[in-house]
Amino acid sequence: MSGSSRDVVQARNVHGGIHFHAQGKPYQGSSASPTPRQLPADVRGFVNRTDELGELNAVLTSEDGGPLVVSVYVIAGTAGAGKTSLALRWAHQVRERFPDGQLYANLRGYDPGEPVAARDALHRFLTSLGVPADAVPQDLDAAAALYRSLLADRRVLVVLDNAATLSQVRPLLPGSAHSLVLVTSRSRLSGLAVRDGARRLTLGVLPEAEAVALLRAVTAGYRPVDDERQLAELARLCARLPLALRIAAERAASHPHLRLVDLIADLRDESALWDALSTGDDEEAEAVRTVFAWSYRALSEQAARLFRLLGLHPGPEFGLHAAAALAGVTSSSRTRQLLDSLVGAHLLEQTAPDRYQFHDLLRAYAIDQAQHEEPPAEREAALHRALEWSLHTADAAQSWINPAEDRLTLTPAPGDVSPLTFSDYDAAVDWAEREHANLLQAVRRAADAGQDRLAWQLSAVLWNAQFPSVSGASWPAAGRIGLEAAERLGERAAQGVLLTWLGMAHTRINRLAESLECHENALIIRRGLGDRLGEARSLNLIGLNHLRGRRLDTAARHFEQAIAGFQEQDAAHWAATALSNLATTHYRAGRLPEAATVIDQSLAAHRALSDQRGEGSILRVLSDVRREQGDTEEALVFAQAAVDIALGLRNLRLEGFWLLTLGDAQQAKGQFAEALTSYQRSATLHRRREALAWQGVGEVYCRLGRHAEAAGFYRQAASTHRELRDEWHQALALDGLGSAVLGESPEEARRHWTQALRFLADFDDPRAVAAREDIERQMTEVS
């Protein structure tokens with residue numbers, strides 16, 4: 001069987017030899033997988049809750065790493081009861097009992113905005129556990145299975161904060177008795193107890209003594225010793241809820257010379273106002289809102305305005321400069337002063353230097369205040385400033401993250417908006433990662449507010465300003481919103497751009513039918529606009545779609561048309577890229593002379609452009625051609641040159657891909673140990689490559705006469721190709737599996753070959769024809 005189309009495996013040195021593991025786990029990570037330490041900082045001034053901490057401690061067993069009493073624990077309770085504070089305090093106390101790490105996700109189940117989906121939380125967890133971003137399965141069940149596999153032999157604490165539904169939680173359960181999931185929720189999440197054996201702790205309001213202790217802890221050192229009875233009265237007015245108590249205590253601490261009895265009278269007046277306006281259905285909720293209002297009305301006019309405008313921010317977490325844009329304040333130092341006053345009043349939490357977030361109750365209160373106190377025109381202007389800031393800052397990030405793609409022509413930012421600029425690639429990527437969720441929400445907010453121009457521009461810029469490890473499933477929803485906005489405006493060129501990005505996004509998550517539809521619609525639009533360059537790009541992308549689906553003749557026709565269009569427009573870079581794609585197509589079809597001719601043209605074009613990435617890509621194809629022509633020495637040289645280029649570019653995705661070609665060349669040269677090492681390196685970098693790597697290792701072991709081991713790798717490769725719906729490579733893996741088991745079970749070999757022939761029936765290119773003939777010959781010889 002030809003080693004031309006595969007991906008890789010995992011290996012490690014054992015007593016000087018190479019030993020591989022392929023059975024059972026689709027991705028196991030490298031031997032140096034990181035240990036995540038994701039817990040937010042411990043809570044300052046935490047007091048009491050000793051009984052509850054004791055209940056949590058009861059799930060721990062001896063310190064020898066034995067199974068836990070339960071693997072899921074839910075801390076339930078009313079809003080503001082201190083569920084997160086308790087969870088974080090306990091998590092920090094016991095973190096050494098979980099030596100393989102701590103994972104944390106705020107699922108924002110009760111935030112006024114969009115909650116965090118389990119898919120997105122899984123993606124973050126998997127990448128933090130060492131899985132390369134493009135190796136994370138897009139299918140939720142597959143990603144959850146990979147997550148469970150990675151944690152199966154680890155002792156990890158997983159904190160899932162602010163969960164609202166079982167669907168947010170269940171895919172994030174490790175399924176091991178050695179790891180613990182700690183969930184906080186306003187809901188009882190009874191399904192976790194019924195199906196997953198979860199234990200639940202219901203957190204009520206603080207006992208009076210503990211509430212008073214909390215007030216004293218926050219005010220200590222700022223005020224004279226206050227009267228115990230007055231502190232108890234203040235605690236009662238706060239419904240003895242920790243969130244409200246902390247806000248009240250912060251206000252008391254900030255007014256050390258004001259008598260506590262006067263503060264209480266002021267709070268009683270506020271309470272009377274709320275009583276008159278409320279239904280009285282929920283006394284605790286009314287008490288919390290009373291404390292919010294009491295603290296809010298004590299703010300300066302500018303700080304109060306910033307507080308309510310921050311409620312209009314698309315996401316619950318934001319940076320200093322985004323806050324300045326919302327408020328229309330050009331001075332960063334003044335904005336920082338106002339934010340500091342909100343943090344001091346406990347109406348806002350500072351999570352990092354120049355980074356802030358709302359408690360979900362306070363965000364809802366800020367939104368409510370903005371709707372009641374800000375005129376509609378002011379609210380619209382503030383949101384417009386925030387969206388413009390996001391758009392222009394994302395555009396600046398794109399110039400570093402994806403400089404080869406054309407940037408949109410944007411109108412200048414308003415005078416009271418100061419977008420960020422970036423000094424280097426890492427700074428741009430850091431910002432894009434921090435702001436990704438906010439940018440997704442900004443697209444939706446822009447559309448909801450009727451700001452369609454900003455909606456489509458934000459979605460288009462965001463596609464090219466995504467950070468490298470982003471989940472492939474996160475952008476398409478924003479892309480569809482942007483496309484609908486462009487359609488409402490009748491912006492045909494914008495529709496073509498967004499359809500192109502949507503097509504590429506669908507390809508990334510293996511939805512090839514949706515991808516093809518998007519690219520074909522983009523092609524119609526570009527032809528209607530007379531956009532010859534855009535038309536050529538669409539033809540190239542349609543060709544790639546057909547190449548991915550192994551419709552090779554159709555792919556070749558599209559690439560040839562694209563090349564002509566690019567050459568007509570003097571688009572040398574894109575012409576060279578399309579030539580590479582055509583060469584790959586000829587090679588995969590088994591048309592080696594045609595491939596060699598186009599390779600020479602493409603290689604010369606890439607070198608003339610000093611395009612190292614393009615040069616490495618075509619060197620990979622050249623290596624494959626030379627190997628199949630029998631020139632194993634040149635094949636090895638070209639493959640190594642491609643890998644060296646990937647290393648120089650620090651591009652792990654390309655390195656993983658091109659290592660497969662190096663492994664194939666080494667195998668052809670008889671350098672079996674070196675080939676296995678190349679496959680192992682590739683397997684740790686990409687899941688699709690991993691499946692092909694297992695296939696390559698299966699071939700090596702077959703050639704070494706180690707058929708039982710080869711069969712294990714072929715089985716795992718076939719299983720993964722099936723998950724990826726890649727029938728061509730599944731057929732090749734089954735062919736290899738048939739050969740591996742032939743000596744032990746000719747009947748089993750025939751079954752695998754029969755299945756392989758069924759998958760190959762739809763392919764009619766020369767290589768597919770040869771593969772079918774080879775399998776049929778083997779089946780005849782066996783019978």
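In what sense do strand 5 and strand 6 pair, and over how many bridges? Select residues 180-185, which make up strand 6, and you'll see that strand 5 pairs with strand 6 in the parallel sense, over 4 bridges. Keep in mind as you look around that this is a predicted model.

**Stop 1: the strands**

Stay with strand 5, residues 157-161. Click on Val159 and look across: Leu182 in strand 6 stands opposite. Now turn to strand 4, residues 102-106, which also pairs with strand 5 in the parallel sense, this time over 5 bridges. Want to see who faces whom? Ala105 stands opposite Leu160, and Asn106 stands opposite Asp161.

Next, show the side chains. In strand 5, Leu157, Val159 and Asp161 point one way, while Val158 and Leu160 point the other way.

**Stop 2: a loop residue**

Move along to Leu189, in the loop between strand 6 and helix 6 (190-196). Check its backbone: phi is positive, at about 50°, although Leu189 is not a glycine. Leu189 counts as buried because its relative accessibility is 3D-model-computed at 5%, and the cut-off for buried is under 20%.

**Stop 3: aromatic rings**

How many aromatic pairs does a search of the whole structure find? The search turns up 15. Select Trp389 and Trp431 to see one of them: the ring centres are 6.1 Å apart and the planes meet at 70°, so this pair is edge-to-face. Trp389 sits in helix 16 (residues 376-401) and Trp431 in helix 17 (residues 425-448), so the pair ties together parts that are 42 residues apart in sequence. Trp389 counts as buried, at 3% relative accessibility, and Trp431 is buried as well, at 3%.

Now pick Trp728 and Phe763. Their ring centres lie 5.7 Å apart with the planes at 90°, so here too the pair is edge-to-face. Trp728 belongs to helix 32 (residues 727-741), and Phe763 to the loop between helix 33 (746-760) and helix 34 (766-782), so this pair ties together parts that are 35 residues apart in sequence. Both Trp728 and Phe763 are buried.

**Stop 4: arginines over rings**

Arg550 lies over the face of Trp728, at 3.4 Å from the ring centre. You'll find Arg550 in the loop between helix 22 (532-548) and helix 23 (552-568). Arg550 has a positive phi of about 60°, although it is not a glycine, and it counts as buried at 9% relative accessibility.

For another example, select Arg251 and Trp294: Arg251 lies over the face of Trp294, at 4.4 Å from the ring centre.

**Stop 5: helix 26 and its surroundings**

Select residues 612-628, which form helix 26. At 1.5 Å a residue, its 17 residues should span 24 Å, and the end C-alpha atoms are 25 Å apart, which agrees. Look at its start, where a side-chain oxygen of Asp611 reaches to within 3.3 Å of the backbone nitrogen of Arg613. Then jump just past the helix to Gly630, which takes a positive phi of about 95°.

How many of the residues of helix 26 are buried? The answer is 12 of 17, among them Gly614, Ile618, Leu622 and Arg627. What covers these buried residues? The cover includes helix 24, helix 25 (592-608), helix 27 (632-649) and helix 28 (652-668).

Finish in helix 24, residues 572-589, by clicking on His586. His586 counts as buried, at 11% relative accessibility. Leaving out residues up to four places away in sequence, His586 touches Arg591, Glu594, Ala595 and Val598.

Conventions:
Residues numbered from 1 in each chain as written. Predicted model: local features only at pLDDT ≥ 70, side-chain atom pairs only at ≥ 80, totals over all residues. Heavy atoms only, no water. Phe/Tyr/Trp six-rings, centres within 6.5 Å; stacked < 30°, edge-to-face > 60°. Helix = DSSP H or I, 4+ residues; strand = E, 2+ residues; numbered from the N terminus. Buried < 20%, exposed > 50% of the residue type's maximum accessible area, 1.4 Å probe, protein only. Lys NZ or Arg CZ within 6 Å of the ring centre and 35° of its normal. Contact = heavy atoms within 4.5 Å. Pairing = 2+ DSSP bridges. Expected span 1.5 Å × (residues − 1). Polar contact = N/O pair within 3.5 Å; in protein donor to acceptor, adjacent residues only side chain to side chain.
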